[in-house]
Amino acid sequence: MSGTNDPHTGLTRRSFLKTTGLVAGATALAGGATPAMHALAAESGAANGDSGEKVMPGRCYFGGCFSCNYNVTVRDGRAVKVSPDPDALFGRRPCLKGYSLPQRMYSQERIKYPMKRVGERGQNQWERISWEEAIATITEKWKGYIDQYGGQSILVSTGSSGARFTVSGASRLENILQFTNVEMCADWAVYHGLQRVYGNPATGIMTAPGNEPFEEDIFNAKTVFMWGNNLSETYTQRWRYLMEAQEQGARIISIDPNETTVSAHADEWYTVRPGSDPALMLSMVQEIIAEDLQDTAYLKRDTVGPFLVRDDTKEFLRMSDLGVEPTEGPVNATTKKPTMIDPPVVWDAASGKEMSSAESTDPELEGSWTVGGFKVKTAYSLMVESVQEYKPEDVADIVDMSADDIRRLARLAVDGPVSHMFGLGSQAYDNGLQFGSGLGLLLAVTGMVGKPGAGVQATAFMGMRNASFLFPTGTFTTTIPVLHLPEVMETGTFKGKDYPPFKALYIRGSALVGGRPDKNKIIAEIIDKMEFIVCLDVAFTDSALYSDIVLPAAHYYEVEDVYGATLSYHVQHGPKIVEPAFEAKPDLQVAKLLAEGLGIGAYFEGDDESWLREQLNFPALTAQGITLDALREKKDMRYIPAGVGYADGKYYTPTGKVEFYCEKPLPRVDLGLDLDVAPERLPRFYPPFEAWPGTDAMEKYPLILIPEHSRGRFHTGGFDGVWLNEIERGPIVRMNPDDAKARGIEDGDDVEVYNDRGHGVARAVLDAGKRPGMLQYPKGLQGRQYKSGDLASLCSLHMDPFAVNSSFGDTCVEVRKWDGGNE
């Protein structure tokens, strides 16, 4: 950072790198703190007279990580070492990101003090200010905007820390004032597709139909499909369980365009054209049905397969269509009104006539009839008809795989128990929702749900809490997806109605700049149009670089917190391990200061502990004995009991059945668009928007660029890990040697990756395991870590209106040797 008032006083970046002994690399991660770490920690005032050494229970919270439990050694008031906790309930082996956390806490990138911008945005020139001045400036600005334009004129962009209960204070504030929430649109397409088929127990939770816990159930699987999943890099904690399961007889099937550690260890590896996975799944379904390998009993009992679909409306024939009045059911918890029970109709095999699905014990799975004057056909028959265009011979060219290989995969998919794991790269295309619904259909046809060792191992539980804490006034934020935000700003309308102009932006731990697609467009069409931007974060990100005021947030080691563990149904307790470094403040305290400055301090009386207790005072938690006192004692507690998911045959869908035929498809986020739902009722394949042979983009830019999660970072979390960054040695891009040779590129060359949206300079790493025509780069670095540009600028903001999801892999580029320009 530059400027006369450099907040990173003390060690320079150069001396810091020298004193950390980088040659030790990752091998030093578990060995304790370096002299530079001690120096920065000492400057932070972290010790505060607390001498001696103690070991505290800790856990990770990166957005989307495994939330491992471990021990943290604290010496003289500073966190200095992470070590495994062999007695932890789960996540007993942290990864390198976890081991390096003490280093990152005292990193040169740590935001130490409140600062205000003194140069132009992006110039990185700052002046240190007090908390009092920062809060007064922010609240004065916000009050002016609220008075003139209303609370919706203030945008809020949050990161993936929503499962931390201490972050909820800010959400409470924003709901009271009715700010506008910018939804990040990341990694949701596959979950929306799966939830369309299997339902979702709660809104806003990434769930999949699998079993808990993974580290036990994986040993029940006979076959494990790895769909674009490089578990050895992204979730190393789970990798060892997969390898142990393989040693005990499980068969690993890798489906991936590129050679990875997983594909190298797999029993069988199948390359596939990127973005074609839905076509492969549908072809497998077609082959399974053609060979009569489907699980008919499951399809009859648990799915909508027997339901009769009206030819005229394409919706289920219901008893009310036959003159039977609906009856009142239980009261809906949201609407407070009775539900209406109007059962779908099936054709009963025993009686040879139509019957309520609630009464028939042996419905026909296939067939068509005329019932009550309506032409009808079973949902299963419609599905069978729809997959006939996906016969292996017809799909082979689409997926770039032989028809025999497709047939082989179809047979493996029924050789159960079969478990599926997917990487988020497989759904990072415009057709990502179809990846999820196609996988849901494959599970339904094979009956691989509700039994040990079967299902999808990909749950992301984000934590349940007392809603009254979040919405004390009964008011809410308005959510607008970041992919749709530029259009709203340009037109001044949302869902067909006028919307207030956006004047301010509050970025809370969010990678809005650099972590979303098309960085340059976000800067030009969102950031540059804001009158006032505030950033609250632990580390100095690209989002902070473009802010007007930057506030230092406490690290999660520096505050007592409660978490909803990701990838596991646990509620975890995180004790306060050390005091906040420098002038950092916990999120709840920042929210309280802002509330007091805005004149609504009455909603923020109490302290951190009372707020945690209030959020945990929720029937679904208290009924299981999950309280703050219990969590303090036990460290973490399971929210949903371990076992086989959906073994009871109850699903969180409108019909209570597996809905591979979706009667009324809804978009993930309602944008008020007039959408054609007809094509969405059954899973289908359509090519990616950009990264597909024959598109205009690919004609101009013939290479596909995809990001990957590295061992050193989760999204942008970890960009400041000096040791782990040393493993990659700066931004890199991996490419096939044949692609490199055709462009005169050699291993180690600085290359420029570019398209019409931007460019980024990275070091070329030649890798014969990369599919020709594809480039791959580890995501998450900040723009200033590049010699020029930023690879985050190359992806499009284009979205599928049903998925409303960032298509990070749907990107076409070209690459050339860098000439040193565009600095």
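Are Tyr-191 and Phe-422 buried or exposed? Hold on to that while we take a look at the whole protein, and keep in mind that this is a predicted model.

Let's start with the big picture. If you draw a box along the principal axes, the C-alpha atoms fill roughly 85 × 65 × 55 Å.

The protein exposes about 30300 Å², and 48% of that comes from carbon and sulfur atoms. As for charge, there are 82 positive and 111 negative side chains, and the centres of these two sets lie 4 Å apart. The contacts tell you about the fold too: among those with a separation of 6 or more, 74% are between residues 24 or more positions apart.

Now zoom in on the aromatic rings. A pair of them is described by the distance of the centres and the angle of the planes. The count for this protein comes to 24 aromatic pairs. One of them joins Tyr-191 and Phe-422, which sit edge-to-face, 5.8 Å centre to centre with 70° between the planes. Tyr-191 belongs to helix H7 (residues 189-198) and Phe-422 to strand S18 (residues 418-422), so this pair ties together parts that are 231 residues apart in sequence. And here's the reply to our opening question: Tyr-191 and Phe-422 are both buried.

For another arrangement, look at Trp-347 and Trp-369. This pair is stacked, with 4.9 Å centre to centre and 10° between the planes. Trp-347 lies in strand S14 (residues 345-348) and Trp-369 in strand S16 (residues 368-371), 22 residues apart, and the pair links these distant parts of the chain. Trp-347 has 16% relative accessibility, and because buried means under 20%, Trp-347 counts as buried.

Our last stop is Met-355, which you'll find in strand S15 (residues 353-356). Setting aside its neighbours within four places in sequence, Met-355 is in contact with Met-319, Pro-344, Val-345, Val-346, Asp-348 and Ser-360. Take Pro-344 from that list: Pro-344 and Met-355 are 11 residues apart along the chain, and their C-alpha atoms are separated by 8.8 Å.

How values were computed
Residues numbered from 1 in each chain as written. Predicted model: local features only at pLDDT ≥ 70, side-chain atom pairs only at ≥ 80, totals over all residues. Heavy atoms only, no water. Contact = heavy atoms within 4.5 Å. Areas by Shrake-Rupley, 256 points an atom, 1.4 Å probe, with all protein chains shown as cover. Lys, Arg positive; Asp, Glu negative; His and termini not counted. Charge placed at Lys NZ, Arg CZ, Asp CG, Glu CD. Phe/Tyr/Trp six-rings, centres within 6.5 Å; stacked < 30°, edge-to-face > 60°. Helix = DSSP H or I, 4+ residues; strand = E, 2+ residues; numbered from the N terminus. Buried < 20%, exposed > 50% of the residue type's maximum accessible area, 1.4 Å probe, protein only.
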